[in-house]
Amino acid sequence: MLDIKLLQDDKKSVEAALLKRVDKKNLDLNSIIRLDKERRAILTKKEALQAKRNEASKTKPDKETVEVMKALGSEIKNLDKELTEIEAEYNSRLAALPNIPANDVVAGGKKNNKILDSFAEQPKFDFKPKDHVELATNLELIDYKRSAKMSGSGFWTYIGNGALLEWALLNYFIDYHRNHSEYEFMIPPYLLNQESAFISGHLPKFKEDLYWTEEEKICLNATSEMMLGNFHAGEILAKDELPKKYYAFSTCFRRESGAYRTEERGMIRGHQFNKIEMFHLTVPEDSWTSFDELVKYAQELVEGLDLHYNTVQLAAGDTGTAMAKTIDLEVWIPSMNTYKEVSSISNALDYQARRGNIRFKDKDSKNQFVHTLNASGLATSRIFPAILEQNQQSDGSVKVPKKLQQYMGGLKVLMQK
RNA sequence: GGAGGCGUGCCGGAGUGGUUGAACGGGUCAGUUUCGAAAACUGAUAAGCCAGAAAUGGUUUCGAGGGUUCGAAUCCUUCCGCCUCCGCCA
């Protein structure tokens, strides 16, 4: 949610910034400003009448006054109705505006994404490399077939050493975060209500991408960012409580309806995957420092596994609605001859905090919105195939990254039984 | 699943239709006092919105929504949350 005052005061620069990510024909700031004007006019009128009524109601009124107030009451009611309608329209239009991209975020869509950095060499194979589905099946790490039987396509079961590898990854992530004592570990519920999904910015836009229960109006989380963003909703934090830094584990659920399924085989895009998410709440002046820290931590996690990946700054149009700036870490998937996101690091500035009404008292005891940031740290579902594919050897075996071996009873190589 | 109770400010806790944004107590902050501190005393201490350059004024909010009324924290209603007892399951 953007600040309406920003629109009122400096429509031109807001518009210019938003055009970096939205088509001109889809951007109508004037109507929002107009609705806001109308809204305030009616509100002022209504409040004047209410003041009159309150004055008369301070003591028991006489018969005559009661009659006058009756009429006044119905007038207030009418204004109120009018106001409710305008506000609904106003709010939904304002809420639909995406965040203002940061200054250094370039305009346009995916094709304008820019590689900032690249880690390690792209592995070369002197044999025909297999894709991760084949590797995982041959090495009996994952059972795709039986999973489809039980749950449908897009689900998988980790079996044996595969389950061990998955768990090793999570342990590696968690142990890494545990070294940073200011971070608090969280395991939130996986189901959340509609209001929370709105606050996190996933409603209304991503309704179709979430799994909803039939009876109750709650959905499975698509990322624990949804939970962490809501954890402090409605609160006013003390300044010395900030920054708050969390890392949370959750299994994430996404319908991915109609998406990409054919080329993205196996576990590149599934309905269920495991993820550790980092999340910061900061004072505004510190949020970019936090951003750099999150980028660094996410990078260190991938680098610890010796995987070749790129650090990519997203163009405005490819950045999530709520975010002012996003950097993705994209790991090399040889079979697809492409790079796939394993971590997305974003600064939402006050956009989410405004929706969630998360504030802090500044040094003048004024309440200000906090800034929120999130970053995967990391999701397993793309790291797992990257490990299989990048570390495969000519005999079909796969080397276990050094950092993971301690979590797998010293196992160094995954081999066919 | 059945029966009952409860939801008020940072916290505890009054308040059952008329100057109640809310008694009282605690906390916190500031001041007085003190060499300093404690104690005591005095004062301050919610948020949103609207108008205003500001001072300030207005308005809304007592779990959330709707209703009754000239007037609602107080009455009705729906929803949400919490608690207790019984049952059921582990």
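Predicted model: local features only at pLDDT ≥ 70, side-chain atom pairs only at ≥ 80, totals over all residues.
Helix 10 runs over residues 287–303 and so comprises 17 residues. From first C-alpha to last the helix reaches 24 Å, close to the 24 Å expected at 1.5 Å a residue. Its buried residues are Ser-287, Ser-290, Phe-291, Leu-294, Tyr-297, Ala-298, Leu-301 and Val-302. They lie on the same side of helix 10 because they cover an arc of only 135 degrees around the axis. An α-helix has 3.6 residues a turn, so residues three or four places apart point the same way. The face turned away from the buried side of helix 10 carries the exposed residues Thr-289, Asp-292, Lys-296 and Glu-300. The cover over the buried residues of helix 10 includes the elements below.

| Element | Residues |
|---|---|
| Helix 7 | 161–178 |
| Strand 9 | 272–282 |
| Strand 10 | 309–313 |
| Strand 11 | 325–333 |
| Strand 12 | 338–349 |
| Strand 15 | 371–379 |

Leu-210 sits in the loop between helix 8 (194–199) and strand 6 (218–220). Leu-210 counts as buried because it has 20 C-beta neighbours inside 10 Å. Leaving aside residues up to four places away in sequence, Leu-210 touches Ala-197, His-202, Cys-219, Leu-220, Ala-222 and Arg-255. Pro-101 is 109 residues from Leu-210 in sequence, and their C-alpha atoms are 26 Å apart.

Around RNA strand B there are 18 residues, of which Thr-44, Gln-50, Ala-51, Asn-54 and Met-69 come nearest. Helix 3 (29–56) and helix 4 (63–96) each supply at least two residues of this surface, and helix 3 gives the most, with eight residues. By class, the surface near RNA strand B has seven polar, six charged and five nonpolar residues.

Conventions: Residues numbered from 1 in each chain as written. Chains lettered and ligands numbered in written order. Helix = DSSP H or I, 4+ residues; strand = E, 2+ residues; numbered from the N terminus. Buried ≥ 20, exposed ≤ 12 C-beta atoms within 10 Å, placed from the backbone. Contact = placed C-beta atoms within 7 Å. Expected span 1.5 Å × (residues − 1). Arc of directions from axis to C-beta. Near = placed C-beta within 6 Å. Nonpolar A, V, L, I, M, F, W, Y, C, P; charged D, E, K, R; others polar.
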